[in-house]
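Look over the sequence and the model, then read the points below.

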Amino acid sequence: MRATDNLSQRSSRMVNCIVTRKLPTWSPTSGWSSPVATRSVAWVLADILRASYGAGLADKSIDLQALYNLDQTWNSRGDTFNGVFDSKLTVYEALSRTARVGRAIPFIQGGIVRFVRDEPKNIPVALFGPRNIVKNSLSIQYVMPSEDTADSVCVQYFSEKTWKTSEVVGSFEGSSSDKTATVELFGCTNKEQTLREVTYMALANRYRRRIVNFTTELEGLVPSYGDLIAITHDMAKWGQGGEVTEQNGLTLSLSEPVKFEEGQTHYLALRKKNGSLSGPYVVTAGSLPTEVILSEEPDIDILTGTDTERTHFAFGTADKWSVLARVTGIHPRSTKVEITAVIEDSRVHQN
């Protein structure tokens, strides 16, 4: 347009464009594609890490398979990222703001940038109990709600329909919504996606209020950030734990006496060599307080000798043989590892 007297200085700067983002996408079979139009969260994250205006990392430093798997999840849910970075910020901040739209978090492990999404998980990757938790290291923090605790969340997002900033308020059933926390969801432009995320935030704030810390040995490096672990400890009445000292068919002798409750079904979970769980299996009482009888043959070889670490067990009723927690911090301390986790609650993952 020609700048004449009919074109004011203000209107000459009011030039808007509807743009389409084009980025290369990756698949495990064909590798990288040529740039294509995409609203995917995953390939924005990859571009931030690979581009010259980003971190400039090589592919070997990025967990591309995890991004590909997450991309399938985000596509099936209709989660997209549509944002413009118009100011300088760190690579990690750009990754965090982008991943947040997909309910994910970036972290570095073994020199590789990885991503984990907060989603339902049922199978713990590791079992921790009295035999592999350092004595007196277990602590539980209860985040008690107060009169100032928000019971609903208001998310501000840029609407793709009105092209203006809009708000969505999410809360959980039974909430009075007297206290509302306001957050911004950068890159989210879809109302349905925003409503899912705002409800998730409100539920997480309501039901994830128990933080557990403990110290273990180097097996604490088995789980990664966001992994689900099982914790057994008599102090918190999270089941009973110990070692299997002898096996005679389906009868197991335990290092600790266990208590059966009348009218309840009892379970015994066993720890595999890699730290993960086998079972839990239904058990009945043996002839001694330290004996249990398995209802079926376990799928692992139970170690009871002295030349290697014995197989650990967790014992209790259906919902009390352990507690499930999601790892939020792993801190190596010389030959020990300190783990921080939040007690999981399935009600968080309603959508």
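Helices and strands here are DSSP runs, helices of at least four residues and strands of at least two, numbered from the N terminus. The model is predicted.

**Nonpolar cores**
- The largest nonpolar core has 38 residues.
- Within this core, the residues with the most contacts are Leu45, Leu67, Trp74, Leu95 and Phe115.
- Two or more residues of this core come from each of these elements: α1 (41–50), α2 (64–77), α3 (91–101), β6 (112–117), β9 (152–158) and α4 (191–207).
- Helix α1 gives the largest share, eight residues.
- Leu95 shows what such a residue touches: setting aside residues up to four places away in sequence, its contacts are Leu45, Ile48, Leu49, Pro106, Val113 and Phe115.
- There is also a second, separate core of 16 residues, with Ile133, Ile231, Val323 and Val327 among them.
- In soluble globular proteins, nonpolar side chains tend to be buried together.

**A nonpolar patch on the surface**
- Ile18, Phe158 and Trp163 make a nonpolar surface patch of about 380 Å².
- Ile18 belongs to the segment before β1 (22–23).
- Ile18 counts as exposed because its relative accessibility is 73%, and the cut-off for exposed is over 50%.

**Thr189**
- Thr189 sits in the loop between β11 (180–184) and α4.
- Its relative accessible area is 7%, so Thr189 is buried; the cut-off for buried is under 20%.
- The side chains of Thr189 and Asn82 are joined by a polar contact of 3.1 Å.
- Not counting residues up to four places away in sequence, Thr189 touches Arg39, Asn82, Tyr157, Phe158, Ser159 and Glu160.
- Phe158, one of these contacts of Thr189, is also part of the surface patch with Ile18 and Trp163.

**Thr265**
- Thr265 is found in the loop between β15 (251–254) and β16 (266–271).
- Thr265 has 40% relative accessibility and therefore counts as partly exposed.
- Apart from neighbours within four places in sequence, Thr265 is in contact with Val282, Gly316, Thr317 and Ala318.
- From C-alpha to C-alpha, Thr265 and Val36 are 56 Å apart in space, and they are 229 residues apart in sequence.

Terms used
Residues numbered from 1 in each chain as written. Predicted model: local features only at pLDDT ≥ 70, side-chain atom pairs only at ≥ 80, totals over all residues. Heavy atoms only, no water. Patch = residues over 30% accessible without salt bridge, like charges linked within 9 Å, V, L, I, M, F, W, Y side chains within 5 Å. Areas by Shrake-Rupley, 256 points an atom, 1.4 Å probe, with all protein chains shown as cover. Salt bridge = Lys/Arg side-chain N within 4 Å of Asp/Glu carboxyl O. Buried < 20%, exposed > 50% of the residue type's maximum accessible area, 1.4 Å probe, protein only. Core = buried A, V, L, I, M, F, W, Y, C linked by side-chain atoms within 4.5 Å. Contact = heavy atoms within 4.5 Å. Polar contact = N/O pair within 3.5 Å; in protein donor to acceptor, adjacent residues only side chain to side chain.
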